[in-house]
Amino acid sequence: MSSQLGKTYALIEMKRATHTTVQISRLQAKLSRQVKHLSIRLGLWLIVLLCACSAPSASDPIDQADQQALSDVAGADSQGPAPLRVQRIKLGEHSTDATGKSPKVVFDLPADVTAIVVHVDGPDEFHYTLAALTRDAGFAMIPQAWLDQTSLPDACVGPCQNRIVAQRGYAAFLFPNTPLIELRPGLHQIRVYAFDDARKPVATQVEIGVDFVRSTEVSTTLKLPMNLCFTGAKGWNAVNSVDQQRLQQAIDFAQTILSAANIEFGPIRRFDVDPQGQYIATQKPVDSDLAKLFESGAGLPKAINVFFTDRIIAAGAPPGANVALGVAGGIPGPPNEVGHIRAGVALSLHIPQGQPDLLGVTLVHEVSHYLGLFHSSEPGPNGAHDTLVDTAEDDPKNLMYWSLSEQSLQLSHEQIQVLRRSPWLVAP
Ligand SMILES: [Zn+2]
């Protein structure tokens, strides 16, 4: 069981936490411990990137040059009927320069928006992250100094209470993904950072956008549309899969766990896709099997594409430990996109000898990554813990624990809050 944060795809794992009331102070203690254990781990399953840490720095106030840009500020349309749950704001195409950074791009956050997903779309050979996300009043959700303190832009874990992970080709970033960050209305500035496989900054062109998400009462059931995509692995296809008891049990299992968040799969549709996607290796970053598999979902109805494969081989893993249960295209994955190289979740139907069938728990774990949840705990004594206040450290019972088991069943209250912010979810 595994998962990768960072330059390749987000790989597997799982959890649900009890609703223990944990104080913020405890979380901060955890965070400070993590800061002490700055380390970079390039794991087989897992690439955990702990960034050099320091106190987040305040943002610049909006300067003169920005004032001009404000005339073009994208903002929510405040007229008309009740606003939609999700509203996409296009911030246009921007260039990064030799420093890898784009100019500041400004948007105005409406008062009724409780979460945002910033997305960056660029050439597939480069990786994208945020150099900064700051509010006019000076608060930094992504401190602009963080890149100056690290040679590893793959993930901002220490300096960013709201963690972000760079992604290739298309990167998405959910705010807030922790109760330590609060959205407030008003002008915000984004600066994007682009880099190559050698982690050198690159000048390129990117499209930047923001999805505004308005909160929905927890009592409201949110629907999660899902496309089941069959590669021919195990002989399953769009027709005969209806009779596959193993598949139905996995979906039922996943649905039961998501019920705690009042999230319901639906509609669930079935499709046959490129049979070359049966055996997936994640080594090659560009044109990888996984990228091709996800691209084979182009043209399907807008929904989370879940691909069933025979085997997933994780990059960098030692022999014998390199078979992954599943992979998610991002944390979060590209919202409301199909057919993109990162658009989807891939699951292995292979059951290692002597192991239990973890298809159901893997399905819901990877979907939860795709909606925006990080692992509750990463492996090892110094493994990073999430920035939620109510997930226990090293708790294998949590759905988002790095190593999946049949006991990885629990979602904490805060994890549920994060899940329900996803733009993928549809309100009645
Ligand atoms: Zn995972």
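This is a predicted model: local features need pLDDT of at least 70, side-chain atom pairs count only at pLDDT 80 or more; totals for chains, interfaces and linings use all residues.
**Entry 1: two helices.** Residues are numbered from 1 along each chain as its sequence is written, and side-chain values use heavy atoms, with hydrogens and water left out.

The axes of H3 (residues 245-259) and H5 (residues 359-371) come within 7 Å and cross at roughly 50°, where axes are lines fitted to C-alpha atoms, for helices over the stretch in contact, and angles run from 0 to 180 degrees between N-to-C directions. Helices here are DSSP runs (H or I, at least four residues), numbered from the N terminus.

For the contact (heavy atoms within 4.5 Å), I listed residues of H3 including Arg246, Phe253 and Leu258, and residues of H5 including Leu359, Val364 and Ser368.

Entry 2: I then looked up the largest cavity, which holds about 90 Å³ of space; on a 1 Å grid over the protein atoms alone, a cavity is a set of points where a 1.4 Å probe fits but cannot get out, and lining residues have an atom within 4 Å of a point. Grid points are joined across faces, edges and corners, and a volume is the space filled by probe spheres set on the points. Among the residues lining the largest cavity I noted Arg163, Asn177, His375, Asp386 and Val418.

Terms used: On a 1 Å grid over the protein atoms alone, a cavity is a set of points where a 1.4 Å probe fits but cannot get out, and a pocket is an open set with protein on both sides within 12 Å along at least five of seven lines; lining residues have an atom within 4 Å of a point.
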